[in-house]
Every structure is written in structure tokens, then in C-alpha cells.
Amino acid sequence: MGEGDQTVVDVVETLSAGRDLAGVAGIAFRRNGRARVNEARPLIKDLDALPLPARDLLPISKYRALKVPCTVITSRGCPFGCIFCSAPRMFGRGVRYRSPKLVVDEIEMINRELGFQEINIVDDTFTVKESHVEAICQGIRDRGLDITWSVYSRVDTISPRVLNTMKEAGCTWVCFGLESGSQKILDTIKKRITTAKSREGVKMATESGLNVLASFILGLPGEDRETASQTVGLAKELFDTYKVSYGFHLLAPMPGTEVRERAGEYGIRILTHDWSKYNANRPVAETTTFTAGQMMEIVNDYEHEVSEAWEEMQKQARRGDPALRERVAKADTQGFVWKLLSTGAIEQLGNPGRSQDELALAAARKLGVSAALARREIKRLVSDGNLVRAVVDGRKHPVWKWA
Ligand code: SF4
């Protein structure tokens with residue numbers, strides 16, 4: 001429960017030494033069929049005292065091959081108290097900052113040693129403290145790092161100055177939790193922003209040359225047909241005006257959030273306690289005035305529009321639009337690599353003695369993709385050094401494997 005960094009070490013040491021888990025702060029466990037909840041573990045005061053994530057223990061070539069950004073944390077905690085959000089419960093309302101120098105050291109290592117060009121800063125709200133943002137941006141610029149990065153932010157914790165600084169240091173995307181197009185709902189969920197502020201923040205970020213992703217939640221307390229259409233309306237308005245990308249999530253009232261603890265007062269009906277369904281993509285709760293079915297109608301319309309827009313982008317890419325060609329090519333790469341990874345194709349097909357071309361053709365057959373795509377992508381994986389031929393387990397002939 002809460003931050004796991006020290007708890008997990010304590011659990012392993014306790015079990016290894018044959019001691020009782022009852023003494024480990026920050027866990028709940030089952031004994032004789034009954035749940036036992038231990039005392040909470042205090043939050044870690046000094047984040048700089050934590051070692052860097054042991055990324056060297058991960059099959060890092062698979063992440064690189066998939067062209068996903070590498071995640072970094074520069075702070076923990078969020079001073080806001082949105083009623084649907086588990087972040088303040090996990091990490092507290094006081095923000096704890098890592099030293100900017102150590103953050104930039106880590107980013108440099110990810111860039112220069114692990115070969116990532118994209119970073120996703122996953123702080124709950126990166127832009128709470130301007131001096132922290134500026135110090136990190138300055139560090140990235142001073143070291144000449146060849147990276148682009150993205151952050152989560154709020155429309156009321158930004159200024160043209162800080163956004164320009166971020167842009168100059170390689171920031172390309174900002175994600176704002178706008179949540180709703182209804183002021184009544186924004187007030188209920190204690191978001192402490194207005195719809196006018198949302199418009200102003202998005203305008204400011206796009207004027208600084210940043211791409212904006214706007215995130216909305218359907219099914220918040222008080223949701224009905226009218227508020228849902230205000231939300232969809234705001235999303236479309238921001239797209240039409242500023243080319244903002246947007247997405248809808250569905251309320252997932254996690255344990256510990258105010259919206260779950262006071263669900264009755266907020267008019268929220270919880271539909272399932274199966275946590276595996278709490279991914280915010282399918283309804284697990286509804287309001288007394290907006291059903292799960294109504295939410296899915298909006299999501300289905302949205303998904304339909306997204307797939308139509310994607311088909312149009314693919315057409316334009318084929319006609320030669322360079323930016324779209326790059327985007328479509330990246331999606332093709334990610335789709336192919338994801339299939340390779342999720343089917344374990346390299347492990348199954350990387351037989352000793354198989355040439356690169358034979359591997360590509362076998363992968364094309366297994367994954368149901370064209371030979372041309374498989375050849376191009378396997379060639380790229382090899383030239384990027386993510387796929388190698390190596391002798392393993394004392395075998396005579398080399399096999400194909402992830403680097
Ligand atoms: S939604 Fe964002 S701003 Fe609100 S509490 Fe969660 S992390 Fe903080």
C-alpha cells in the first residue's frame with residue numbers, strides 16, 4: 001500500500017529471513033483466510049536517496065524496438081485534491097522533488113547509454129514549481145541532449161514563460177486533464193479550474209508550439225446527457241481550433257478516492273469490484289442520470305471517428321504528405337514489433353542457421369503481414385542493434401535473439 005520502493009525490499013528480506021510479515025509496514029496480506037492490514041509506511045522523505053531504476057535488468061532492446069518513450073519521475077505528490085484521483089492518496093498532497101541535477105543525470109544516461117530519444121515525464125503534475133521545471137530544462141539544454149519529451153500538467157500551473165522554456169529544452173507534448181466541459185461537474189470534482197481556463201491553457205500551450213493532449217472523463221458525479229454533450233463539444237471545439245488531440249476515459253473509482261468512499265452521496269453506482277476491469281476504458285460505474293450504455297455510445301462514436309480519421313491519414317500519407325508518412329510508418333513499426341513481442345516470434349523462429357531474410361519471411365507468415373513489411377522491419381531491428389545473431393547456451397550455430 002502506498003509507495004513500494006522500500007516496502008518491497010522489506011518484504012523480500014523478511015521472507016528470506018523467515019520472519020513474520022506482520023512487522024512489515026505498508027502491506028496487507030491474508031492469514032488463515034482473513035485479511036490483515038499492517039500499519040501504513042510513511043512517505044519517503046528524500047527521493048534523491050533512492051537508487052536509479054535498474055533498467056539494465058530489463059530486456060531494454062524490446063522497449064527501444066517498440067519505439068516507446070522511457071519514463072522518468074522528477075517529483076512525487078500532487079497538491080490538488082480531485083475527488084476521482086488516487087495520486088494524492090498514493091503519494092501525498094505535499095510535493096517531494098528530486099534534485100534537478102540527478103534527474104538530468106538520469107535522462108542523460110537513458111539517452112546516451114540506453115539509446116532512447118523520447119522521454120515521458122510521469123510526474124502527477126510536472127509544472128507545479130516553476131524553478132524545478134526551469135532547472136531541469138536548463139540541465140537538458142546545457143548537456144545538449146538529443147531528446148524530445150512529454151509531461152502531464154494542469155491548465156492553471158503554466159505560463160508562456162515556462163512553456164517556452166520547456167519547448168526550447170525539447171518538450172513536444174503536454175497532457176492536460178481537462179476532465180469535463182461542464183462547469184458544474186468541474187466544481188463537484190474539485191478540479192479547481194474553469195472551462196475558460198481550459199481554453200486559455202490549451203491556447204497558451206499551442207502558441208508555445210507544444211502539442212496538446214486533452215484528457216476527459218465521462219461518468220463523473222452529476223453526469224447526464226447535457227453535461228456529456230458539453231464535454232464532447234469542448235473536445236471537438238479544441239480540436240477544431242487548436243488541433244488538440246483528445247481522448248475520453250470512463251470514471252474508474254479506485255479505492256481510497258473520495259468519489260468511491262462517498263459514492264452514495266455523489267450519486268455513483270459501482271457496477272463491479274473486479275479490479276482487472278478498472279482500466280478506465282470500459283464502464284465500472286455509472287451515475288443515477290447517465291448509464292454505462294450511454295457512456296459506451298459516446299465511446300463507440302469516438303472510436304469510430306478515430307478510426308475514420310486514421311484511414312484518412314493513411315490515405316494522405318500514401319499521397320505523399322511527409323509528416324503523415326512518418327507517423328504512419330511509426331505506427332506500422334510499432335504494430336509489427338508489438339506482434340513480434342506478444343507472440344514470442346523471435347524466440348520461436350530464431351532457429352540456428354536461419355538467415356535474416358528467412359527470419360523475415362517466417363515472421364511474415366506467422367504474423368500474417370506482408371513480406372515487404374517484415375523484411376523492412378527486421379532489417380531496421382538488426383541495423384538498430386535491437387535484434388542480433390548470437391551463440392547461446394554453448395550451441396554450435398548462432399540464433400536470432402533480442403539484444
Ligand atoms: S487529477 Fe491531476 S491535479 Fe487532480 S489530484 Fe490527480 S494528479 Fe493532482
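Against which elements do the buried residues of α15 pack? They pack against α2 (60-65), α12 (322-343), α14 (356-367), β13 (387-390) and β14 (399-402). The views below come from a predicted model, in which local features need pLDDT of at least 70, side-chain atom pairs count only at pLDDT 80 or more, and totals for chains, interfaces and linings use all residues. Residues are numbered from 1 along each chain as its sequence is written, and side-chain values use heavy atoms, with hydrogens and water left out.

View 1. Helices (H or I, at least four residues) and strands (E, at least two) are DSSP runs numbered from the N terminus. The 13 residues of α15 (residues 371-383) should span 18 Å at 1.5 Å a residue, and the end C-alpha atoms are 18 Å apart, which agrees; the expected span is 1.5 Å times one less than the number of residues. Leu373, Ala374, Glu377, Ile378, Arg380 and Leu381 are buried in α15, where buried means under 20% relative accessible area, exposed over 50% and partly exposed in between (1.4 Å probe, protein chains only). Seen down the axis, these buried residues fall within an arc of 160°, so they line one face of the helix; the arc is that of the directions from the helix axis to the C-beta atoms. Ala372, Lys379 and Ser383 are exposed on the face turned away from the buried side. Just after α15, Gly385 has a positive phi of about 80°.

**View 2. The largest nonpolar core.** A nonpolar core is a set of buried Ala, Val, Leu, Ile, Met, Phe, Trp, Tyr and Cys residues joined through side-chain atoms within 4.5 Å. The largest one has 68 residues, and Trp149, Met166, Phe176 and Phe216 have the most contacts inside it. Another core, of 22 residues, lies apart from it and includes Leu367, Leu373, Ala374 and Trp400.

**View 3. The surroundings of Phe176.** Contact means heavy atoms within 4.5 Å. Leaving aside neighbours within four places in sequence, the residues in contact with Phe176 include Arg154, Val155, Ile158, Val202, Val212 and Leu213.

**View 4. Arg55 in a loop.** Arg55 lies in the loop between β2 (34-37) and α2. Arg55 is buried, with a relative accessible area of 9%. Not counting residues up to four places away in sequence, Arg55 touches Ile60, Cys70, Thr71, Val72, Glu106, Ile110 and Leu114.
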